[in-house]
There are 2 protein chains.
Amino acid sequence: MTSLASGITLATTASLIGDVARANILCALSGGQALTAGELASHAGVGASTTSGHLAKLAEAGLITTLKQGRHRYYRLSGPKVAAMIETLMAASDLTPPRHRPVGPRDEALRRARSCYDHMAGRFAVELAERLEERGFLVLSDEGGYVTEAGSAFFARFGLELGAAAGRRPLCRCCLDWSERRFHIGGRLGTALFAHALGRGWVARVAGSRALRVTRTGEAALAGGLFRCEPLDRPVSAWEALTASA
Amino acid sequence: MTSLASGITLATTASLIGDVARANILCALSGGQALTAGELASHAGVGASTTSGHLAKLAEAGLITTLKQGRHRYYRLSGPKVAAMIETLMAASDLTPPRHRPVGPRDEALRRARSCYDHMAGRFAVELAERLEERGFLVLSDEGGYVTEAGSAFFARFGLELGAAAGRRPLCRCCLDWSERRFHIGGRLGTALFAHALGRGWVARVAGSRALRVTRTGEAALAGGLFRCEPLDRPVSAWEALTASA
DNA sequence: GCGATGCTTCGGCAACCGCCGAAACGATGA
DNA sequence: TCATCGTTTCGGCGGTTGCCGAAGCATCGC
């Protein structure tokens, strides 16, 4: 009776994500890269014309944005908020089945390492976060995350581009990892770490997927010394690293 | 092509919320109280039999739980995680329309004060949070929230039941308020404050709605001294206060 | 200029799903 | 015991919506 209006707005957004094809599109985009309509069609598993309709709806709802370039049309999520919403829904879906469910390696590559819009997720990201926490550079919890003084000094010396403190985007947002159920790092720090990992070759994008391939260098960085402090030969711009193709 | 599985799980949950009747049911339940099937039917705006079907689906998905009592059947959200998901989706829906939308007093009572599962939201809650922050008891930000030392002392002296530090539930989780777009307080502190506000008569539940009525006492508490430190005549158990009927 | 490619619009088909009413079930109270 | 109330199950109807293929626009390369 009351609050009918809220229910309607809630339902319209949810029903948008509630279609399998559209959900697949959003999943594909939640890697953070811009993809063409054709690529998205193959991700969605439906024809080009159908995909076009879906994309129009998503765009009208403001969940994705369009970028015309040449004869291609690139689509990307309209912002981190949308990505966060997707991950939240994902987490809630995971709690969903009270029945037994095969917890097995469903998309093992994704569980291992994947990009989550503008930062990393999966086992690799979670372990990275824990290493940093062990060394006293971070504190992560349900309540959020923050960088300690030692951490600030470390990241600064390490050459991470954290950007000015300005802007409303939080420095360190902690994300409950959908597959691992432990925390990984988001926010500006998460973005910088992702760019750094790509720049140093710790991880590499896998074409046509959110999955990331963890290189030997990446393994070594995590297992061994982690964050030796030689500066990079060439500083990596976060945006440049993130938008480079697979 | 890849990550099809993720898309499917995402879609199943989202499509569950994507129906207007079910969304209304979830909205009604997100006040935190348990409601009967009949009440939910009137909230949903559909017949009893239809509602029954919806409830079965929601329950099977693990979003709500059932409690049989006499010849009634009580339904409630299965946990704070579900409530958080709903609020997140709500927030994302709000960013949705890039077009002009009437920002007017849509459900004014709800914007003023409402319960959000186990804590308060709306203007009242936001202002309360800001008062506490001004006085240096809290720090709230995108990254999360935490209670300062002064705050700990204050809340302890004030007699808030914060519960042991144990348990995985965060003490102070900050929530972006759906209507106000500013922060309000969740987590264990949010629950304790809600119980306190109910116990002291600052706010009262409105029957059949998430809305809360702010009493004169409540106004006074907020505007004037706020948190005079006379102890309550009778300590209020959080759960007791929260589950008391309207 | 021309064809080829990428994407969108349109029309029509089919399946899904939410809705209701009638009937069955279970619990309560006289 | 029997009526009553709250809730669920069942069967059937109707609207929505996702799907495709064909045709229409753009853009690029030759």
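**Figure 1. Contacts between the protein and DNA strand D in the predicted model.** A polar backbone atom of Arg73(B) lies 3.5 Å from a phosphate oxygen of DNA strand D. The model shown here and in the other views is predicted. From chain A, an N or O atom in the side chain of Thr50(A) is 3.1 Å from a phosphate oxygen of DNA strand D. Two or more residues each come to this surface from α4 of chain A and from α3 (37–44), α4 and β3 of chain B. The most come from α4(A), which gives four residues. In total 20 residues surround DNA strand D, and the closest are Gly47(A), Thr50(A), His54(A), Lys57(A) and Tyr75(B). By class, the residues of this surface are four nonpolar, 10 polar and six charged. Sugar or phosphate accounts for 76% of the atoms of DNA strand D within 4 Å of the protein, and bases for the rest.

**Figure 2. Contacts between the protein and DNA strand C.** In the side chain of His54(B), a polar atom lies 2.5 Å from a phosphate oxygen of DNA strand C. For Lys57(B), the corresponding distance to a phosphate oxygen of DNA strand C is 2.8 Å. The elements giving two or more residues to this surface are α3 (37–44), α4 (48–60) and β3 (72–77) of chain A, along with α2 (20–29) and α4 (48–60) of chain B. Here α4(B) gives the most, with four residues. Around DNA strand C there are 21 residues, of which Tyr75(A), Arg22(B), Gly47(B), His54(B) and Lys57(B) come nearest. The surface has five nonpolar, 10 polar and six charged residues. Of the atoms of DNA strand C within 4 Å of the protein, 72% are in sugar or phosphate and the rest in bases.

**Figure 3. Strand pairing in chain B.** Strand β2 (residues 64–69) of chain B pairs with β3(B) in the antiparallel sense, through six bridges. In this pairing, Ile64(B) is opposite Leu77(B) of β3(B). The two strands β2(B) and β3(B) make a hairpin with two residues between them, and Gly70(B) in the turn has a positive phi of about 60°. Strand β3 (residues 72–77) of chain B is also joined by two bridges to strand β1 (residues 35–36) of chain B, and these two strands run antiparallel. Leu35(B) stands opposite Tyr75(B) of β3(B). In a regular strand, side chains alternate between the two faces of the sheet.

**Figure 4. Helix α2 of chain A.** This helix covers residues 20–29 of chain A and is mostly covered, with nine of its 10 residues buried. The buried residues of α2(A) include Ala21(A), Arg22(A), Asn24(A), Ile25(A) and Cys27(A). At the start of α2(A), a side-chain oxygen of Asp19(A) comes within 3.0 Å of the backbone nitrogen of Ala21(A).

**Figure 5. Surroundings of His119(A).** His119(A) is part of strand β5 (residues 119–121) of chain A. Its relative accessible area is 6%, so His119(A) is buried. The side chains of His119(A) and Asp118(A) make a polar contact at 3.0 Å.

Figure 6. Over all chains, a search of the whole structure finds six aromatic pairs. In chain A, the ring centres of Phe137(A) and Phe155(A) are 6.4 Å apart and the planes are at 65°, so this pair is edge-to-face. Phe137(A) is in the loop between α7 (123–134) and β6 (138–141) of chain A, and Phe155(A) is in helix α8 (residues 149–158) of chain A, so the pair ties together parts 18 residues apart in sequence. Both Phe137(A) and Phe155(A) are buried. In chain B, the rings of Phe137(B) and Phe154(B) have centres 4.3 Å apart and planes at 15°, so this pair is stacked. It links the loop between α7 (123–134) and β6 (138–141) of chain B, which holds Phe137(B), to helix α8 (residues 149–158) of chain B, which holds Phe154(B), 17 residues apart. Phe137(B) is buried at 8% relative accessible area, and Phe154(B) is buried at 3%.

**Figure 7. Arginine and phenylalanine in each chain.** Phe154(A) forms one aromatic cluster with Phe137(A) and Phe155(A). Arg135(A) lies over the face of Phe154(A), 5.7 Å from the ring centre. In chain B, the charged end of Arg135(B) is over the ring of Phe154(B), at 5.7 Å from its centre.

Terms used
Residues are numbered from 1 along each chain as its sequence is written. Chains are lettered from A and ligands numbered from 1 in the order in which they are written. This is a predicted model: local features need pLDDT of at least 70, side-chain atom pairs count only at pLDDT 80 or more; totals for chains, interfaces and linings use all residues. Side-chain values use heavy atoms; hydrogens and water are left out. Two strands pair if DSSP finds at least two bridges between them. A residue is near a molecule or strand if one of its heavy atoms lies within 4 Å of it. A polar contact is a pair of N or O atoms within 3.5 Å; within protein, one must be able to donate a hydrogen and the other to accept it, and residues adjacent in sequence count only if both atoms are side-chain atoms. Ala, Val, Leu, Ile, Met, Phe, Trp, Tyr, Cys and Pro count as nonpolar, Asp, Glu, Lys and Arg as charged, and the others, Gly among them, as polar. Buried means under 20% relative accessible area, exposed over 50%, partly exposed in between (1.4 Å probe, protein chains only). Rings of Phe, Tyr and Trp (its six-membered ring) pair if their centres lie within 6.5 Å; planes under 30 degrees apart count as stacked, over 60 as edge-to-face and the rest as tilted. A charge sits over a ring if NZ of Lys or CZ of Arg is within 6 Å of the ring centre and within 35 degrees of the ring normal.
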